[in-house]
Amino acid sequence: MSEMLRREIPLGLATIIIAILLFDHYVFIEFTRGISAILQDWAVVVVATGAGIGVINIVMRGIGNIQKREAYWYLEIWQIVIMIIVAVTGFIGVYGTHPTYEWIMKNMYLPIDSSIYAMVMFDITSSFYRTFRVRSRDAAVLFVCAIFTMLYNAPITGGIAPTLLIPGKWLLDIPITAAARGFKIVTALGIVGFTIRTMLWHEKPTIGVVE
Amino acid sequence: MSALLRIDRRIVWLIILILIFYPLIYPLGLPIHIEDLTRKYYQAIEDLQPGSLVVTTIDIEAGLWGEQGPQAIATYKHLFDKEGVKFIQVSFYRADCAVLFETMVLSEVDRTKKEYGVEWINMGYLEGKETAMSAFAANFMYPTKDAYGTPLEQLPLMKEMKSMEDVDLFITVQGSGYIDTCLRQLPIPYDIPTVGATMSMGVPDLLTYVEAGMVYGILGGLSGAAQYEYLTGKPGLALRGLDSLSLVHIFLIALVIVINIVYISTRSSGGRE
Amino acid sequence: MLIMLVTIIALYYYIGEVKKGKEVSMRAIPGFDAIPEAVGRAAELGRPVHYTPGYTLGGLYNPQMGPGVMAGLVILGEVASYTARLGVPIYVTLAQPEAVPLVEETLKIAYRAENREVPPNATRFISTEQYAYAAGVLSSFLEERPGASILMGFFWSEAMQFAEGGSYIGAMQIGGTSSPSQIPFFIASCDYTLIGEELFAAKGYIDKEPASLGSLLGLDLLRAILIGLTILLWLSGNAGIQGLINILKT
């Protein structure tokens with residue numbers, strides 16, 4: 001029975017749910033539309049419940065690190081304290097309207113989030129001048145394309161030398177757009193194949209069934 | 001010269017930081033070029049007649065505010081300035097997108113120009129991603145209440161705007177993650193003209209829709225926002241940041257060209273990299 | 001719907017053919033071939049292996065990003081079996097709390113097969129917030145100094161940060177994502193990169209099971225049909241024949 005609970009039941013459930021959602025996507029029948037809506041609502045609930053698992057994981061790991069006095073153990077205390085404050089203030093009243101919650105979001109979360117995103121600049125620049133070296137013919141082509149693309153993206157280029165925009169615009173309109181389209185199509189095909197394999201019980205690890 | 005090939009990345013970062021901060025403090029007023037797609041984005045909103053009905057979505061997370069915040073602010077300023085144009089604002093991506101709209105966008109626009117409930121409604125964040133988008137597109141009463149808890153049947157605008165079929169223009173300010181989903185569920189099934197503002201990285205994604213005639217105008221990143229601010233005549237943070245953007249681009253282009261010249265000459269003279 | 005039905009039929013057909021003994025040749029995917037090398041390098045250095053399946057909005061439920069992360073979790077099984085075999089510690093950083101039990105189960109089974117215990121703190125949920133997750137992973141790089149960093153799943157701008165961060169600490173990196181905007185960053189900074197659909201072909205490539213290989217053949221057929229259809233549409237569009245285009249629009 002425990003084997004069935006671990007394997008057949010989750011796989012069977014996955015197959016039924018995928019089949020219903022696929023059918024509903026293509027064929028409009030009120031009955032299946034209702035079931036599909038309920039299933040998707042339940043998916044949202046499951047994902048939200050998963051947040052509880054995440055909190056448990058963080059707290060247990062944090063407590064373990066604090067007890068063993070691992071490196072930066074005091075930051076674990078701070079993490080747990082701030083998690084509790086944000087959770088409690090977020091729940092008070094209409095979601096996200098408590099003054100403390102708003103203050104934390106506007107004055108702590110937003111600047112920190114933006115700062116970490118801004119750090120991508122450092123990574124991109126160091127990678128950029130390290131990567132674009134003309135080591136081969138292909139690298140030379142890549143280098144030339146990169147220069148024209150950057151000239152197109154630089155706001156000043158249009159103001160002082162509009163002719164330099166033409167190669168960059170052609171690159172963006174033709175090869176880059178074509179590649180983006182092709183990429184989307186093949187990725188979608190990969191997802192379709194992956195989903196169908198899951199439905200046919202050929203991708204068991206996605207359900208947590210590992211053999 | 002070959003020392004350039006092993007330049008410490010921190011020196012490059014320092015130069016970039018100087019190039020970013022200097023024009024913010026001492027604006028250089030470098031020339032600006034208005035792209036076609038930015039002009040079309042501006043024109044799509046400018047051409048709205050009194051009585052036009054618009055749906056806007058703002059789905060950018062906090063980390064992207066630096067790049068896309070000016071786009072959002074400029075767009076909503078323009079909308080609030082358009083007399084007689086009515087709009088519904090909604091977010092589907094995450095709850096903090098709606099919080100950003102409340103705290104960062106609404107504090108910058110002149111809210112006295114439009115009467116709430118009659119000329120504009122804020123639906124806030126709707127949970128459910130694609131399901132919510134699809135349900136909302138079919139019936140604007142789906143959320144039952146607006147972002148402030150007011151029942152939708154009490155708001156006069158809801159008598160005019162019932163579903164996407166009533167909409168004249170769809171405007172989306174998105175990170176690059178949700179563009180496909182948003183377009184697929186909201187404007188495309190109803191054939192609604194669309195303009196989109198996104199990160200510079202997301203422009204190729206939106207371009208595929210421009211080629212297909214589904215999207216008419218694009219604002220790409222900070223540069224797009226600056227051009228839009230110039231067109232609306234309301235300079236903001238984006239225009240101020242444009243000089244920094246230009247200088248950093250030119251510096252990096254020059255750096256990589258010089259490094260490659262040194263690299264090729266070092267290699268051809270038998271030196272080591 | 002027609003394309004979906006054709007796909008399902010093609011998959012069934014080719015799975016049957018491969019089970020009957022049809023030979024399938026696949027081109028080499030260096031990214032997968034390098035996984036044992038990466039784990040071996042970490043073993044030599046005495047450092048752990050880092051693995052992350054990436055970031056999604058709304059968890060695994062996200063229709064666009066979820067499959068990429070799920071594919072990453074499939075590949076984790078293979079990576080975990082190598083680390084278990086060599087006795088190399090592995091730690092998995094997650095941005096999806098609902099993936100925690102999946103990862104724990106995967107690691108438990110891989111390590112149990114080699115009569116080893118799962119390393120402590122191997123499953124680490126960081127945060128559902130993108131940049132909090134990025135900051136958590138980067139700080140783990142500085143603390144743990146992994147010898148190999150395997151990034152397989154769906155990524156956003158944190159891809160660049162992970163790739164450069166791994167490069168900074170000298171880790172061997174294998175990156176794979178179905179996110180088109182992040183591929184260039186992985187190519188620039190990782191030692192090996194998997195592009196788009198290669199991520200979803202993992203199981204077939206690694207375990208060579210008939211079902212997995214057959215499904216890849218079925219998708220190849222679908223790809224050929226789509227290429228043919230594209231060329232046909234382009235020719236008919238240029239010739240001014242709108243009939244086929246109108247049929248496909250409905």
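User: In the predicted model, which strands of chain B does α8(B) lie across, and at what angle does α8(B) run to β6(B)?

Analyst: The model is a predicted one. Helix α8(B) lies across β5 and β6 of chain B. Its direction relative to β6(B) is about 165°.

User: How many bridges join β5 of chain B to β6(B)?

Analyst: Strand β5 of chain B covers residues 194-198 and runs parallel to β6(B). Within this pair, B:Gly196 stands opposite B:Ile218. The number of bridges joining β5 to β6(B) is five.

User: Which strands are the edges of the open sheet in chain B?

Analyst: The sheet contains six strands with parallel pairing, in the order β3-β2-β1-β4-β5-β6. An edge strand pairs on one side only. In chain B, the edge strands are β3 (120-125) and β6 (215-220).

User: What angle does the direction of α3(B) make with that of β4(B)?

Analyst: Helix α3(B) packs on the sheet and touches β1, β2, β4, β5 and β6 of chain B. The angle with the direction of β4(B) is about 155°.

User: Which element gives the largest share of the side of chain B that touches chain A?

Analyst: In this interface, 42 residues of chain B are in contact with 41 residues of chain A. Elements giving two or more residues to the side of chain B include α1, α3 and α10. By class, that side has 24 nonpolar, 13 polar and five charged residues. The largest share, 13 residues, comes from α10(B).

Note on methods: Residues numbered from 1 in each chain as written. Chains lettered and ligands numbered in written order. Predicted model: local features only at pLDDT ≥ 70, side-chain atom pairs only at ≥ 80, totals over all residues. Contact = placed C-beta atoms within 7 Å. Helix = DSSP H or I, 4+ residues; strand = E, 2+ residues; numbered from the N terminus. Nonpolar A, V, L, I, M, F, W, Y, C, P; charged D, E, K, R; others polar. Pairing = 2+ DSSP bridges. Axes fitted to C-alpha atoms, helices over the stretch in contact; angles between N-to-C directions.
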